[in-house]
Amino acid sequence: MADASDRDPTSALCAEFLSFSARDTASTWLLSLDLATPLYAHLARLVPHLLREGQGAGLREEQREELGIQLLLLAPLEWLLLGKEPSAALAALKEANRGSTLCGHVFRVGEPTYSCRECAADSTCVLCMNCFLGSVHKDHRYRMTTSGGGGFCDCGDSEAWKQGPFCSSHLPQDQDQDQDQDQDQDPVQSLDPDLVFRAFRVFRAVLKYAVDMLTWDQEDSLPPGLEPPDKDDTFYCMLFNDEVHTYEQVIYTLQKAVNCNQKEAVSFATAVDREGRTSVRFGDFQSCEQAKSVIVRNTGRQSKPLKVQVMHSTVVAHQVFALKSLSWISQVISCSDGLRRVLCSVALEAGPGPDVTLVDRLMLNDSKMWKGARSVYHQLLMNSLLMDPQYKKVFALRFAQNYERLQSDFVKDDHDREFSITDLSVQIFTVPSLARILMVEQNLMTVIIRTFLDHLRHRDLQGRFQFDRYTAQQAFKFGRVQSLIQDLKYVLISRTSVWSDDLRIKFLDGFEAFLELLRCMQGMDAVVRQVGQHIEMEPEWEAAFTLQMKLTTITTMIQDWTRTDERVLMESYRRCLSALSQGLSGLADGEQPISLSLAGHMVETFRYQVSQDKVSIHLPLCRMLAGLHVLLSRTEVAARFPEQLPLGELSPPLLLELPLRCLVLCAQVHAGMWRRNGFSLINQIYYYHNVKCRVEMFDKDLIMLQVAASMMDPNHFLMIVLSRFELFHIFSSVDSRKRFRESNKDLLQQNNTLIEEMLHLIIMVIGERFVPGVGQVEPLEEVRREIVHHLCVRPMAHSELVKALPENGNKETGLERVIDSVASFRKPGVTGRGLYELKPEWNKHFNLYFHHYSRADQSKAKEAQRKSRQSGPGPGSSPGPSSGPGPSSGPGPEAALVPPVPPPFCPLFASLVNVLQSDVLLSLEASVLQWASEPGSAGFTESMLQRVLHLIAMGLIEEKQQLESNSEDELTFNYSIKIQKLGSCGSCGSLLALLETLHNAPHLELHKDMIGWILKAVSYIKSWRQRSVSGSSVSLNSAPDPDDKVRERDKAERKRKAEMARLRREKVMAQMSAMQKHFINENKELFEQSLEPESAPCSSATELHRCQDSPGARVCVGPGRVGVASVSHVTCILCQEEQEVRAQGRAMVLAAFVQRSTVLSQNRQSSCSQSQSRDVLFMSPELALGIHTASCGHIMHATCWQRYFEAVQQKEQRRQQRLRGHTSFDVENGEFLCPLCECLSNTVIPLLPPATAPATSAVQSLDTWMSATNLQLAALRCNSGKFKLSNKPDEAEGAGPDEAEGAGPAAPEGFDLDFVPESMFCSSLSEMMSTFSLTVYKVGLKTNPNESDSRLSPLSWSTCCFSIQATERLLLDDGEKPLFGSLPCRQEECLSALCRFSSHCWTVASLSSVQQHFTRLCSALFSDSQDAPCFLDIDMFHLLVYSVLSYSAVQALDQSGRSSTDSAHLHLLHLATVAHLVQVLLSCGVGDNTNSEGAMEHDGGGAEEHLTLELYRLIQTHLHSALPAVACGWQLWRCVKAALLPFLRCAAMFFHFLNSTAPPADLLLSDGDQWEALCSYLSLPSNLLLLYSQHRPLLEPLIHRWCSDPRVQQRMSRSESGSRSGSVLVRFPRESNHLVDLPQDYSVLINQASSFTCPRSSGDQARAPTLCLVCGTLLCSQSYCCQTELDGDDLGACTFHALTCGAGAGLFFRVRECQVLFVAGKTKGCFYPPPYLDDYGETDQGLKRGNPLKLCAERYQKIQRLWRQHALAEVIAHAQEANQTLAAIDWQHL
Ligand SMILES: [Zn+2]
Ligand SMILES: [Zn+2]
Ligand SMILES: [Zn+2]
Ligand SMILES: [Zn+2]
Ligand SMILES: [Zn+2]
Ligand SMILES: [Zn+2]
Ligand SMILES: [Zn+2]
């Protein structure tokens, strides 16, 4: 039915097409008074026919639809608008346009954006790539990010950039004089008035139509005038997306509801996610309604059901056209600024209704529209209103007016913010001039804050937020409402410098609202200490901290604003204070004051204990006041207008109270008093100090303490602190002190920690002066000090430093401005990252009690500083007197970590220094010193003493500073005098006397240097005071320390180091033994002996060197070969027993990993077509798919390995029962980790004894050998033919044909067809040989092992060949390493084992099948047979190795004793070489660029050239014209040499390992021409052509046969006429494969990927574009659309691609994440650091920092090397072992 209704109107439309004239229609419309009426009638008639979103609309249908819309609907509008031929008229308009100076490019998802960190007004100002590259900022410090979609390029907006607002292409044409005019001149003026008039009419009608339709909420009727003349009743079942249901849910439901298959359901789900709605059924009302109810029922069980509407098809059609018409308008106005302005004015003119514009209607209906509609009209707004300087302001005002309503809609809506109209706030509010206007005219700041407060109505009785009572719904709302804070940030991001009275009023209004917000937070989430039982439920804390974190920057920004205007600052201060005092006034109510007295002072306070009463960590009002107080001090307002400030209203003890409680809470948590309160509190304390919060939490609390302390008697301050720490009694009376000491151990320790914390707090109150306004410092000094202290702990990477510093609203830390002055940069190597190291001269600024150190940081820093001061500059170069009194003498005091000289306080805080010399503090100090002097005292800790000494040193430094800068009479600071006074601390003498006693106390050795420093400082100050009295000068150098102290100290240090070393050794040993225990327990003690895994098994290398001294030309093949039949001994890594490798001994095996590989592939297309049943005897020279074997070189007994593997299997089974999921290895596939090195392995190679020395039998010539072999082959063929006739199956296990009766051609003499060779090997060795063979078979063919398959042996040979070829290639690519001697032991071991194994693997296969293989192999070379592949499709190295290896199976039958295997090998080598030579000549293609120069240089030519040319001509005669003509042989010979080299090198390696012949010295070197050495080693003439010319009669027929094969002719001609897909003609030498080239600049790559669309869902941008580094294909990864089903599994695009491109191993670059991805098989993978680094030598995985990234060639090389070494699987296994969470990642779907 759908079909029929589709067809009818279509044919009707054809008639329309023919008779319709857009021009005539336009002119009739022009005549009517009201355009809307005829237009609506036209649309009503045509739109429903033209637009059918029916199912199954194909591409053709879509095109037809587009065409119809353009010709029938849009064309008349264009005629009407322009009055002439549209395309020409538009072009003319564009021409006449001045060219906008605004770029306005709207960003796609994933497109790179750039922001200049030097010139951008704020971090939201961005440029598109084109603009950026044409701007001045590309040479500045910039940040790069990827866009989330939406938003546009700010190029040309002079408010967005401090300098360089225009890129080269948006530069205003006429320079600045014109620029002002530009703003004023109305672009409409320059248009034809007639055009303007018509534009008003057209835009008004079309825009109204679009708005009507998009905001239409009826499902089956249309607005008046649009009712179709012929209404057919078809409906759509329209599904809308939400953010609640998952993809899986939607797909599952749809399959049920509309009865579609999985694939269709996926495409619906994708479409609904992309467009926001999609129709899932088209038909009559009934069927749609039915589908709807199924969907609603199925999705409504747990949550709100999916939104579904049954809509009349005409409504949908009009809505679709409405969107198209909006896009059309967008396109039209892009041609003319004037038209754009007309549109703006139409859009914003008051409508017929009450004062509502069309734009208002859109905005207010935003949350009701579907995603696709929203994005179209948002885009139009951005292209029109936001691009027009005049209307941008009008629009901004409308936006702000609707703000509250829009936000409420947004909060209720569930779409992400990027799809909401509210997201436009970033475009409007960040324009400083607009933000100002909106603040003044719309009171925007207040509106935002009040809207925010309105949405969080749930409060407790005191009006505080109560997040712990939130329902899920409220929590969701809280999540969304947070975007309001972001808006507030935009408004405040650039602070004003010009204040109008209006602005002051409105800002203060906003401030008042903000205080209200803070009041709701003050005191929230209060906690009470839990005693006895642990808390039952962790209280909610995260919401409060989320809010705190978001408000941190806002709070700082508001303070910044107030700083710029004195009146605003003072008023803000006053308001903040009054808001705070309302809350504080209740604190002391109803409490009896108590009075405290100590050291002759007395203070009154009230009773309160943090450990018993409620305490809250949230005190934003106090902190705001602290911030403002500092600003008063900083701006010196306080000093200039003291009378205007309400300082008198402050009660310092009240101000102090809450922050102090909070700090005490932290101390008590440290002391372990709050253990029963759970993790929630721990987390809160953590964030309180964390860099994200501390600026407006911990830092401000500290400042508040400073504020209060500076305004009160220091003794009173300290007594209150003591009392809040609940320590007062310990210091006030001897009795309780005693009781304290005798109390239980836990309590004692608790109190000790509290005392330490309190002393630390006092140090910070006096010492922290780096906030501008507290101390006399510049803002940058604060940052610099932070950095210095971080670097004192250890060298750090740039990103670590950035993370450790607080960011401002623009995400800047100020790091770059100071880092170079304090640190030097150390570049990274191929791994790791660049590090900053502190310059040594900054060490003197180190403060052990830096307020942002955690305890761990502190102890690390202490250690690092001690070390660097001891090894650092000697006494002579130590800093001068400014760094402390008398530091330059004696190494003892110099090593002391003396407090650095602090900057002076600002006047408002100046009195703080008096805390140092207050009686109460001196008494505290004396108490601690007193305790310290009593050895064994329980109530004293080293840290306590250290803090007291630090305080004393601070006092002395302060006094010295004053002495040196002031004249005597101004001195108010008499610290040194006070500590010398007798009885300064009660009964026990002076402080100084105590210190002198402690100086020599043996139990305080650690503090000796510090005490020494203090004593010296005191005497220095004493003498300074005396000098100023007597006027004599004083030398800084006091008595030097005795030498023996130095020695003593050195000794102690040496002892300490030795101890450390011992501990480290022990640790290493422990680790090692744990590792080994892990594998076998019974042999534990053996493992503790030191192991040298690399050197033990490397036997072949030692053999190799042993033989080097033997003289003469060494030959590795043929009768003349030098054999080394030495006995080799190896050690089992599992049982540590040594074992001789023998044919009959206990079998030894080598752990190995076999995998398929396409690394050497010359034709990536053909690797995917490798079927499981293919012929494996001949390898194509394309090497499309090889089997690679690698090993870690670790050797075990076969039995030991079997036991180990069984244990692993059992363990794995148990584990899988417990928890499902993948491990780093797959036991079911035979994988395991090497027991010693954890290298991934999946089989073992048996170790066989080396070849025996050559037999001294007679040398056979080539022709005798050939004819003998031909005879043997004929006999074999005949025998097997008969064998087949008798219909007997091949027997496994090397059984020959038993009953060979009769005879065909007579078998050569002594050739016994019935002979069954005895197995040379013991059964366990044979078993291992089968194991390895079967693994290779299984992996190579990706099929189940089959012991009787005749392909077993060829596959084993093949992995031997391929591994050799891969290794040879690697050596060449890896900086041309020498062929021999440069391989790591493990690789030598592996290849040697492979070759020896391959040469004997026929013994475990069926003898006859191996003989058949040999027959077929020979047929390709010389004997007669038809079933060989085309001569050009054979890789000659493979052919050589296979025939050498299979020859033994034939030779075994020869009982005559005449034959010689060695001569046969040599002959096979010669034949293969000649064959390869011919192959090379066929494919070299020299002719096309005959190089005459070369020929001239090389006149005459030697024998090589001559013979080459001769051979070439011979081949030409066979191939006629297929080969190009060549004039000179020199170049040919050069090509031949280069092309043959890899073959010869591989052959040399093969025979080297096969026959254990040591290589000649020349091949151990990497330099020089190795040709001669290679040829002689292989027993070949260095003029290879001699091979041919000396056996011409024998070889010419062969060459003739090879070349006259019609397939060769075909191949040759095909390669000339352009290659068809399929096999390619491989040229030699084969080129090395390398990974694709990556661009230098990372953003180029991003840009490329951002325009990449998913190949399956048309036009959709891929979310995770991923580049295959092997072949360069871009994939749509991690997405439903591009999953492929394979064997019942859904595979993601990467995993699936890796199966074909890399035979399972894949190597990808995730472009948007800047991450390298390795995958192996279907289920394993890992991420690898990308080869892109920023200027600081760091990668940016996940693209979080946005520093520009450049390609690091070395790192990319390293990745490439991993790939070429076939190491991906191993890297993945290691990564997964190291990081268990990797196993949880769903690699399969990437
Ligand atoms: Zn741009
Ligand atoms: Zn630009
Ligand atoms: Zn710049
Ligand atoms: Zn063993
Ligand atoms: Zn190993
Ligand atoms: Zn690929
Ligand atoms: Zn896709």
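Which helix do His1697 and Cys1701 both lie in? Helix 64, residues 1693–1701, with the two four residues apart, about one turn of the helix. Helices here are DSSP runs of H or I, at least four residues, and strands are E runs of at least two, numbered from the N terminus.

Some ground rules. This is a predicted model: local features need pLDDT of at least 70, side-chain atom pairs count only at pLDDT 80 or more, and totals for chains, interfaces and linings use all residues. Residues are numbered from 1 along each chain as its sequence is written, chains are lettered from A and ligands numbered from 1 in the order written, and side-chain values use heavy atoms, with hydrogens and water left out.

Now the zinc ion, ligand 6. Its donors are Cys1668 (SG), Cys1671 (SG), His1697 (NE2) and Cys1701 (SG), at 2.0 to 2.3 Å. A donor is an N, O or S atom within 2.8 Å of the metal (3.2 Å for Na, K and Ca). The spacing in sequence is C-x2-C-x25-H-x3-C. The four donor atoms subtend angles of 104 to 116°, so the arrangement is tetrahedral; that label needs four donors with all angles between 85 and 135 degrees.

Key
Tetrahedral: all angles 85-135°; square planar, octahedral: opposite > 155°, others 65-115°.
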